[in-house]
Amino acid sequence: MNCLSKQQVKDVIEGRGAASRPPILYDLWIGENVFGWNPKEREAWLSGYPRDIEDVFLNIPDLIHAPADDPDYRWAGTDMKDMEEKGWDARILIEDWESGEAEKFFETFPDPEYPGLIPEKKPSGERYTLARWWYGLFERHWSLRGMENALMDFYLYPDEIHRLYQKLTDFYIRIMERACTEMKIDGFFVSDDLGTQNSPFFSLDIFREFFKPYYQQIFGKAHELGTHFWLHTCGNIELFLPEFIEIGLDVIHPIQKYTMDEKRIAAVYGDKICILAGFDVQQTIPFGTPEEVREEVRYLLDAYWREDGRLMVTMGNGSTEDWKLESLRALYEETVGYVGMYERTKVINTAING
C-alpha cells in the first residue's frame, strides 16, 4: 500500500489539511515478540501495510552499562551492577542529594558528543523521519532516584531537581542538534509518562515549576531546527495539555484509552495540537475480537478526525506476545478502508462549494 508523502504528514501535523487517510504508524509499536522474535517475519508482514513514518533511535546512555569505547557513557556515575536484579522503579543510583554521590553523578554526566550517539545505519529521509529516545525528564529522574524518592524530591530538594532537569535539557538539546546535522530528521519523539490511570502524578504547580520551563527550551530548540516535537506520555494528563500547547508541543501520544474522554479531548484541543491516537493495548488488541477492533477503529476516527488534519494513528504502547495477528490485520484494514466521518465531511463540503 502506498505511503503518504513527507509533506502530507507535515501538513497533517501542522493543521494544513487532512490527507486521504490519517498517517498510519502502527508499525512503530509492533515488535518482534508478536512474530516469535523473528525479525524477518515481522518485516515481511508489515511490508503489506502502510508505514508512513521512518524512525531511528539515538543511542542514549544506558542506566548502568557503558559501551566498550567509552566507559563513562552511562547515567550511573559508579559501578551499579547490583541494581540489575531490582525493579525499574526501585533502582536508586543517587541515594542522597546531599552526599558526594550526587556530585559524582554530575561530574561524570554523559557527554552528548559521544560518537556512537548517531547509529551507523541512518534513515533515508525519503519519508517523514523521527529521531527517538525514551525517558525524558521525569522518567529519567525516577530511573535515577527510584519512584518514591523522585516524587518527594520536588518538595524536599527543589534546587537539585532544577539542576538535574537543566542538565538533562542541555544534553537533549545538544543531541537534537547533532541528529539534525548528521541525519535527515523531521521530528523528535520522546517518552515521559506523567500520568496515572486517573490523574497526573503531580499538581499543576509542580508541572509549571519543574517541567514547563525545561520542555519549553526543548520544544523551542526543535522548532529552531525546523523540526516537530512529539511526546509520548501515558495516563490522564489532560490537566497539562493546555500547558504543553502553550509552549509549542506539536504531537501528543497516546490519549490513553480509559483515562480520558477521546471526544472531549478532540473537541477542546483537537484544533490546537496534533493527536497521535493510540489504539487500546490494555484490552482491545490482546483480548478483543477482530470485529471489536474494527469497531474501535471507527470510533477513534470519528472522534478525532478533522478536515484540517491533526490526527495520526498508532498503538497506545509497545506490543506484547498476546497480540493476535488477526486483530492487527483488522486494525490496518479498517483504518485504511473506513470512510466514516471524514468522508462524509468531504461530501458535505463538496455539496456546499458546488
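Me: In which loop is the place of Trp-37?
Reply: In this predicted model, Trp-37 sits in the loop between α1 (6-13) and α2 (39-46).

Me: Why is Trp-37 called exposed?
Reply: The name exposed requires a relative accessible area over 50%. Trp-37 has 55% relative accessibility, and therefore it counts as exposed.

Me: What is the phi of Trp-37?
Reply: The phi of Trp-37 is positive, at about 60°, although this residue is not a glycine. Tyr-135 is likewise not a glycine and has a positive phi, of about 80°. Tyr-135 belongs to the loop between β2 and α4.

Me: What makes Phe-57 and Trp-134 an aromatic pair, and what makes the pair edge-to-face?
Reply: Two rings pair if their centres lie within 6.5 Å, and the pair is edge-to-face if the planes are over 60 degrees apart. For Phe-57 and Trp-134 the centres are 5.6 Å apart and the planes make an angle of 70°.

Me: Why does the pair of Phe-57 and Trp-134 tie together parts that are apart in sequence?
Reply: Phe-57 is in strand β1, whereas Trp-134 is in the loop between β2 and α4, so the pair links parts that are 77 residues apart in sequence.

Me: Why are Phe-57 and Trp-134 called partly exposed?
Reply: Partly exposed is the class between buried, under 20%, and exposed, over 50%. The relative accessible area of Phe-57 is 37%, and that of Trp-134 is 30%. Each value falls between the two limits, so each residue is partly exposed.

Me: What is the order of the strands in the open sheet?
Reply: The seven strands follow the order β1-β2-β3-β4-β5-β6-β7, with parallel pairing. On average, neighbouring strands of this sheet are turned by 25° against each other, direction ignored.

Me: What makes β1 and β7 edge strands?
Reply: Strands β1 (53-57) and β7 (311-315) each pair on one side only, and these are the edge strands.

Me: Why are β1 and β2 said to pair?
Reply: Two strands pair if there are at least two bridges between them. Strand β1 and strand β2 (residues 128-133) have five bridges, in the parallel sense, and therefore they pair. In β2, Thr-129 is the bridge partner of Glu-54.

Me: Which strands does helix α11 lie across?
Reply: Helix α11 (residues 290-304) lies across β6 (274-279) and β7, and its direction is at about 165° to β6.

Me: Why is helix α4 called mostly covered?
Reply: Helix α4 spans residues 138-145, and eight of its eight residues are buried. Among them are Phe-138, His-141, Trp-142 and Leu-144. The elements that cover these buried residues include α3 (100-107), α5 (147-156), α6 (158-182), β3 (187-191) and α7 (204-224). Just after α4, Gly-146 has a positive phi of about 80°.

Me: Why is Cys-180 in no disulfide?
Reply: A disulfide needs two cysteine sulfur atoms within 2.5 Å. The nearest cysteine sulfur to that of Cys-180 belongs to Cys-274 and is 19 Å away, so Cys-180 is in no disulfide. For Cys-274, the nearest cysteine sulfur is that of Cys-3, 17 Å away, and therefore Cys-274 is in no disulfide either. The count for the structure is zero disulfides.

Me: Why is Phe-287 called exposed?
Reply: The relative accessible area of Phe-287 is 64%, which is over 50%, so this residue is exposed. Phe-287 is part of helix α10 (residues 284-287). Leaving aside residues up to four places away in sequence, Phe-287 touches Gln-282, Asp-322 and Lys-324.

Me: What is the omega of the peptide bond from His-253 to Pro-254?
Reply: Omega is near 5°, and this peptide bond is cis. Pro-254 is in the loop between β5 (251-253) and α9 (262-269).

Notes
Residues numbered from 1 in each chain as written. Predicted model: local features only at pLDDT ≥ 70, side-chain atom pairs only at ≥ 80, totals over all residues. Heavy atoms only, no water. Helix = DSSP H or I, 4+ residues; strand = E, 2+ residues; numbered from the N terminus. Axes fitted to C-alpha atoms, helices over the stretch in contact; angles between N-to-C directions. Contact = heavy atoms within 4.5 Å. Buried < 20%, exposed > 50% of the residue type's maximum accessible area, 1.4 Å probe, protein only. Phe/Tyr/Trp six-rings, centres within 6.5 Å; stacked < 30°, edge-to-face > 60°.
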